[in-house]
Amino acid sequence: MNKVIEIRECSAAYGENAVLHKVSLTIEQGELVVIIGPSGCGKTTLLKMINGIVTPTEGKVTVNGEALASCDLVALRRQIGYAVQGAKLFPHMTVRDNICYVPGLEKKMTTEEKQCMAERMLEMVQLPAQLAGRFPRQLSGGQQQRVGIARAMAADAGILLMDEPFGAVDEITRKGLQEELLSLQEKTGVTIVFITHDIDEAFKLGSRILIMKEGCIWQEGTARELTEAPRDVFVRKLLNR
Amino acid sequence: MQILQIFWDRRELFATCLLEHIRISLTAVLCAGILGILTGILISRHKKAAGVALGVVNVIYTIPSISLLGFLIPLTGIGNRTAIIALTVYGLLPIVRNTYTGLTTVDATILEVAEGLGSDGRQMLFRIRFPLALPVIISGFRNMVVMIIAMGGIASFIGAGGLGVAIYRGITTYNMTLTAAGSILIALLALVSDRLLSLAEKAVNRRYGIE
């Protein structure tokens, strides 16, 4: 299998506060890795290290065979989809312009090209094509979230980083989005790193689950491995929530 | 009634003064606008420079306009040029401050997403930061325009043209009607400009989906 993301002994800190301690992680093509852990455990920092928003204080991050420390970060980021909690769509752009944001960074697109791409992506996340001309604030939370995912996917990225993308939507919508993400991944074979604080979501989505605690990867494995052999009370508590 | 009469009787004087006033104000607005927005963009990237620059424009703002004009005379002489410089300098505060505030108060997570999606520095500024800051920048611009037009009235004290000439002439010849007429025209000019700018503001907001 092809190693897509490789994090080797990386530490990170915000000022004086160390948040990650020599974390190592290898992710292969087509995996759906879910990271779970209490807030402040460093999961978001770990994710942001993959697209270079956070620079590790030590250690090395390699994505698609390129070392982040020495490659063109802007170009690399365009190959990595990024979706966050609450979607954070650009409020001054229509849904169409939001979806076409990343391809539009590379080349100038005509409105027809954008419309065409937007419709294709909207269909993928199961939204009606009429939404293309709307502004984000005219959409419901769930719709915004889907557009956020469409924006992340439109880059035709091989890697998708998702930071609690379904955190702000209601239970029913979340179930739907989870199903869609799974079928999307099956169709496209994209590598996904997904953060959540919901253990059910982690079990449902993850082909591999990483449990983080205090800036370290505490335990990792499939849902089954974790339930059968939890490392300690902390993991057991997390699983039985 | 008297005022309407005087508008008609001295229509040539008022027409020249009004045009001159518009010319001076417009020049100052363009200078202050360009300079102010550029300064705002520059200082939005350097916290330290921002403190200094905002301090300086604030201090300038507190200098009484009449004395600023006085200070400028030995440097740039009398006339329209000095007036334009003084008005430009005054106009800087609202536009620099609003540009800076607008650019630095954009939602940090939106910026992070834009960066994470692969925007380079220029794209961050022109596609994300600037359009999101635009409503705040425009309101600073409106402030500046009204201020410059109003303050333009004093410019005639150092020999510049504009409606101040009518006001000044009214004062020196005890002709209150003339003074009032000049003042009213300045106020009207400011109001009309503000109205026009508010229409522009609405158009921009529609373009960016804020309403």
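Me: Before we get to the two chains, what makes two residues count as "in contact" here?
Reply: Their C-beta atoms, placed from the backbone, have to lie within 7 Å. This is a predicted model, and in it 16 residues of chain B are in contact with 16 residues of chain A.

Me: Which helices of chain B supply at least two residues each of the side that touches chain A?
Reply: That would be α6 (108–116) and α7 (121–151) of chain B. The largest share, six residues, comes from α6(B).

Me: How do the residues on that side of chain B divide into nonpolar, polar and charged?
Reply: You get seven nonpolar, six polar and three charged.

Me: Now inside chain B: why is α8(B) called roughly antiparallel to α9(B)?
Reply: Look at the angle. The axes of α8 (residues 164–172) and α9 (residues 176–207) of chain B come within 7 Å and cross at roughly 160°. Angles over 145 degrees count as roughly antiparallel, so α8(B) gets that label against α9(B). The crossing is left-handed.

Me: What meets what between α8(B) and α9(B)?
Reply: On α8(B), the residues include B:Ile167 and B:Arg169; on α9(B), they include B:Leu178 and B:Ser183. By class, this contact has six nonpolar, four polar and one charged.

Me: And what about α3(B) with α5(B): how do their axes cross?
Reply: Helix α3 (residues 47–62) and helix α5 (residues 80–104) of chain B have axes that come within 8 Å and cross at roughly 145°, in a left-handed crossing.

Notes:
Residues are numbered from 1 along each chain as its sequence is written. Chains are lettered from A and ligands numbered from 1 in the order in which they are written. This is a predicted model: local features need pLDDT of at least 70, side-chain atom pairs count only at pLDDT 80 or more; totals for chains, interfaces and linings use all residues. Helices (H or I, at least four residues) and strands (E, at least two) are DSSP runs, numbered from the N terminus. Ala, Val, Leu, Ile, Met, Phe, Trp, Tyr, Cys and Pro count as nonpolar, Asp, Glu, Lys and Arg as charged, and the others, Gly among them, as polar. Axes are lines fitted to C-alpha atoms, for helices over the stretch in contact, and angles run from 0 to 180 degrees between N-to-C directions. Angles under 35 degrees count as roughly parallel, over 145 as roughly antiparallel, 65 to 115 as roughly perpendicular and the rest as oblique. A crossing is left-handed if the near helix is turned anticlockwise from the far one by less than a right angle, and right-handed if clockwise.
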